[in-house]
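Please open the model in a viewer and keep the selection tool at hand.

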Amino acid sequence: MDASTAATLDRDESIDPTIGLSAAQVRERADAGRTNAYKADSSRSVWNIVRANVFTLFNGIVFVCFFILFVLGRWQDALFGLAAFANAIIGSAQEFRAKAALDRLALLNAPQARVRRDGAESDILPGAVVIDDILVLRTGDQVPADATIVRSRALQIDESMLTGESDAVDKKPGDDALSGSVVVAGEGDARVVRVGADSYANKFADEAKRFSLVSSELRNSINRVLKFMSWAIGPIGLLVFNAQVMVAGGYVAAWESGQWVQAVVNTIASLTAMIPLGLVLMTSIAFAVGATKLASQQVLVNELPAVEGLARVDVICLDKTGTLTAGEIEFDAVRELDDPAPGWQQVLAWYGSAPDANATARCLREPYPVTEALAPAAGIPFSSARKWSAVSFAAGGTAAGTWVLGAPEMVFGDDASDPRSPLGSIVTALASTGKRTLVLGHSVSMLTPADVDAERLPGEATPVAVLTFREQVRPDAAQTLEYFRRQGVGIRIISGDNPRTVAAIARDLGLDVAEGFDARRLPTDEKELGDVLDQHTVFGRVTPDQKKAMVVALQAKGHTVAMTGDGVNDALAIKTADIGIAMNSGSAATKAVARLVLLDGQFSHLPDVVAEGRQVIANIERVSMLFLTKTVYATGLAILFGLLVMEFPFLPRQLSITDGLTIGIPAFFLALLPNTQRYIPGFLRRSLSFAIPAGIIIAIALTLYTRGAMALEVPEPQLRTGATIILAVVGIWVLTVLSRPITRVKVLVIGAMFIALVGVFTIPLLTEFFQLVDPGREAAYLVALVTVLTIGAIEIVRFFHRRFVARSIEKATPPRTVTR
């Protein structure tokens, strides 16, 4: 039996709550492992991060080729390995940074727990609480472990982080007190019934933190290319190696002469050219730069592709409490009734300043400061069950008599809901706004001890004033929702609170909604649930499991869903959503599973995240055509030269020139340029529609050049130099074609790459390193002819490609999701 299981068994029901456990009983439970000690792991382990970023099939192929060249003493041809190293380091470093931030968070952050042992109260660490301990709960305490109330006096507990219900809950003996909840009023004692990993909050967090990768079209598309190339690289590699050995005179002759080494180098050159090394690196860099920029704006990116994800979202689900609102109540207004009893302002001031004032009463402190100290003669504390509190002040003062503050219908019954009565007309009008409404009443009778014990009002009270309260809406919420509406993103507000209250908040934020949908009427069938979600915008009384089911139902209808929240009750839905967004004010469990964390709680950062994601997607789509074109022509060259039994026309180091100066370095700048193009599905299809025909043309052109050079009996060094010149010039032209429209920055980038290429072909130190020589007159004419024809063919491909893209975007653009 493990410790967590033992922690819930063999509880001693005979423990006297007024005495608590003895020291011996505490030691016995601690020795048996029945303590509240719990180590909350972060969402991902170090090993999982390293394995995901280092031990991949892609890296395996690259590192094997890298190692072979080192063993053969050809380190100059192993430069391609730096891209794989950089990619692994960038990905791991970014996720380690996010993990370090998450590791500093803890689900239960109560500094101490108050327990009664051997009849005395003491403060201990939450991890030292054991099963059957008697917790002493007072206002402001966080419950450290699941417990059952054994004594209470006006005890109210806020469970909003666990259930989403913003109202505090009255707790009586026999009720549950869940770990992670907070005492907001009153006091009481509770017996611990579940500890450690078995407590509600920790079990919820453990389920939520099962790791899953964020959905990323960029990553998925690139992985599809890598998977295809991984399967193709084996047979193509054998084909190329066989051709290189045959060119060297056969296997026996190549072994005896040592030409097998060059055959291996040529084979590795063809294989590494086939793998889009730079595309993976550029994507990681673009994600990392985007994550860094967002971090400077107080947005923590837990997983790099999440930068892209929000740009693809077409429905965003928002929790109300703590996300759209600050989770606090504020005073709204007061409406006096005719002939109010004197002193009612001083009474409101007393309610606001009372030591046991709840969150609603404390809102009265600013509008009604204390100007005269009142001494209560008797009082009945507020209870969310009866929804009122009462206090009596002695005769002779400015506020003599009994005053009651509470829900109108609970104090004045049907009169408060009858539109024909003076009170009812005001209350019913205010109720339609969804604001929280309280009434202040007065009775000339005083509370008797019997009234206090029975929790009843004395005599007949008359209404004095109606007060309204509202939740504090985040100042940036309305403009952020307006931004999403303009972008065609559907909005669904999902809360555990009252549907009418949620709808009122939605109206305050500019949404056109009449009333909220009560989630207790939601269907369980996924399709039916999806239909309801299409028809309604605001949902109240939603349970944590329903939040997750709603996200799944939206995804089943083809939507890309984002979910925001701050409570543990939001964690499962946030984890299930395509993009989960957590507020830093929320629980650590929620932040651990979220893809994005708004560190300063500013909802207005989300448009910045969308813009960053769009920049990443649009720019990576552009540079992907560069890399995929190279993959296509490299694969075509390998197949053609293998079938035609021709020596491969490049050294690996010569391919590094074209890779770096016509693709890799300019792609780095292009990937980071501003770009606000809206996301359209079909990234890989659009990229390949240019890369495949362009790559085939380049492969055929180089093959024809090589055949022509061989017919002219051009020596091997000159042949390789000519092939490198063709590939470099055509590569610069492809870069120029894909950079259109040309801007000043792009001119600088392309111009710098061209100057660098001229330097590589003219500076002696570089020409010696890359083994570049004068190709000779005949080869030069051939190079010029092949280059011009290839450039012309590339222009034709781009012309038809732009038309194809325009048609595909028109077909793929979905209709805007309308927010009702």
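The model is predicted, so local features need pLDDT of at least 70 and side-chain atom pairs count only at pLDDT 80 or more, while totals for chains, interfaces and linings use all residues. Residues are numbered from 1 along each chain as its sequence is written, and side-chain values use heavy atoms, with hydrogens and water left out.

**A surface patch**

Select V64, F67, I68 and V71, which make a nonpolar surface patch of about 380 Å². In such a patch, residues have over 30% relative accessible area and no salt bridge, and nonpolar side chains are joined within 5 Å. I68 lies in helix α4, residues 57-71. With a relative accessible area of 32%, I68 is partly exposed (buried is under 20%, exposed over 50%, partly exposed in between, with a 1.4 Å probe and protein chains only).

**A strand residue**

Next, select T564 in strand β19, residues 561-565. Is T564 buried or exposed? T564 counts as buried, at 1% relative accessibility. Leaving aside residues up to four places away in sequence, T564 touches I316, C317, L318, D319, T323, I574, I581 and F603 (contact means heavy atoms within 4.5 Å). The C-alpha atoms of T564 and A577 are 9.3 Å apart, at 13 residues along the chain.

**A helix pair**

Finally, select helix α28 (residues 716-739) and helix α29 (residues 744-762), whose axes come within 10 Å and cross at roughly 175 degrees. The two helices α28 and α29 are therefore roughly antiparallel to each other (angles over 145 degrees count as such). Among the residues that meet are T721, I725 and L735 in α28, and I750, F754 and F761 in α29.

Notes
Patch = residues over 30% accessible without salt bridge, like charges linked within 9 Å, V, L, I, M, F, W, Y side chains within 5 Å. Areas by Shrake-Rupley, 256 points an atom, 1.4 Å probe, with all protein chains shown as cover. Salt bridge = Lys/Arg side-chain N within 4 Å of Asp/Glu carboxyl O. Helix = DSSP H or I, 4+ residues; strand = E, 2+ residues; numbered from the N terminus. Axes fitted to C-alpha atoms, helices over the stretch in contact; angles between N-to-C directions. Parallel < 35°, antiparallel > 145°, perpendicular 65-115°, else oblique.
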